[in-house]
Every structure is written in C-alpha cells, then in structure tokens.
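Please look over the notes below alongside the model.

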Amino acid sequence: MVQIKEGDKIPSIDLFEDSPANKVNMADLCAGKKVVLFAVPGAFTPGCSKTHLPGYVDRADAIKSSGVQEIVCVSVNDPFVMSAWGKQHNTGGKVRMLADPAAIFTKQLELGADLPPLGGLRSKRYSMVLEDGVIKSLNVEPDGTGLSCSLADKIKV
C-alpha cells in the first residue's frame, strides 16, 4: 500500500464519536463539504494536549469563517477517551473528536507509526484539507510526531 496523497478520495471507513454506538463514516462526513482533518499520536499526550488540539480549538472560528464546515481530530484511541479529551479542551461545536480504535483508518491511509511507549501502532501527526471527500492538501510531520507543518496556524484553506 502507498500513503494517501493529494487528489485521493478519503476512504469510506467508520470512526467513532463519543461511544462505540455512534459511527461516523468518513466518506459520508466529507461528502459535499470542506473539511479540515488533523490526526495526533495520542489523546492526553503532551504535544497533542498543549499545542496541537488547543490550536485548532482556538482557531476554529477563523478556520470555519473561510468556508470549512467541519474540523475533525482523529486518534488511535477508544471513543470514550476521545470524548473525555474533547471535553477537557472544550471542543464542543468547534472540533469533532473521532476515535480510530483499531487503527483501520490510519492503516488505510498508510499514516501509522509504531510508537511502543504509546501502546504500539498510532497515527502520525498530520493535517489535511478535504473538499467533497478529495484531499486538497496533506501536511505530514517529517518525523511523524513533531509540531510544525500540521498545526492550526499552518493550515491553508
């Protein structure tokens, strides 16, 4: 498999919001919309909690004012962890917190990273802009975990 790239369509894979009962299909979520999606190696981890997620929460109104209908955070965690992390950062109405518990979405995109201290397979840190389910820009951190090109203030919508 090859890493997803600009011009590719987002795969039709279910993620979970708040609980295992609430499936969110990524292709359906992105259909007919402009979406900013960013992924993090793990909820409650220092870089993700101090910089990455708060940047998108703080800039949500500015990002949405440029025509973005949804901002989505994805992590290889369970939906309860993602929900709790979102509540801690006041993401309601700003950033949707979607769990990829078995890393199915992450593996399909070929954007996984083996991070044993965090539990094994996790997502690389990245951001993307999608229009009608097509990736218009993709920003993968060079080392997979750093905090540079995938931050909210770097997103070009």
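1. C48 is buried, at a relative accessible area of 1%. Buried means under 20% relative accessible area, exposed over 50%, partly exposed in between (1.4 Å probe, protein chains only). C48 sits in helix α2. An unreviewed UniProt entry lists C48 under "active site"; such annotations may be inferred rather than shown by experiment.

2. This is a predicted model, where local features need pLDDT of at least 70, side-chain atom pairs count only at pLDDT 80 or more, and totals for chains, interfaces and linings use all residues. Residues are numbered from 1 along each chain as its sequence is written, and side-chain values use heavy atoms, without hydrogens or water.

3. What does C48 touch, leaving aside neighbours within four places in sequence? Its contacts (heavy atoms within 4.5 Å) are V40, P41, G42, L53, P54, W85 and R125.

4. W85 is also one of the buried residues of α3 (residues 79-88), with P79, M82, S83 and G86. Seen down the axis, these buried residues fall within an arc of 165 degrees, so they line one face of α3. The arc is taken from the directions from helix axis to C-beta atoms. F80 and K87 are exposed on the face turned away.

5. The buried residues of α3 pack against α2 (46-64) and against the strands β1 (14-16), β3 (34-40), β4 (70-75) and β5 (96-99). Helices (H or I, at least four residues) and strands (E, at least two) are DSSP runs, numbered from the N terminus.

6. Check the ends of α3. D78 caps the N-terminal end, with a side-chain oxygen 2.8 Å from the backbone nitrogen of F80. N90 follows the helix, and its phi is positive, near 55 degrees.

How values were computed: Polar contact = N/O pair within 3.5 Å; in protein donor to acceptor, adjacent residues only side chain to side chain.
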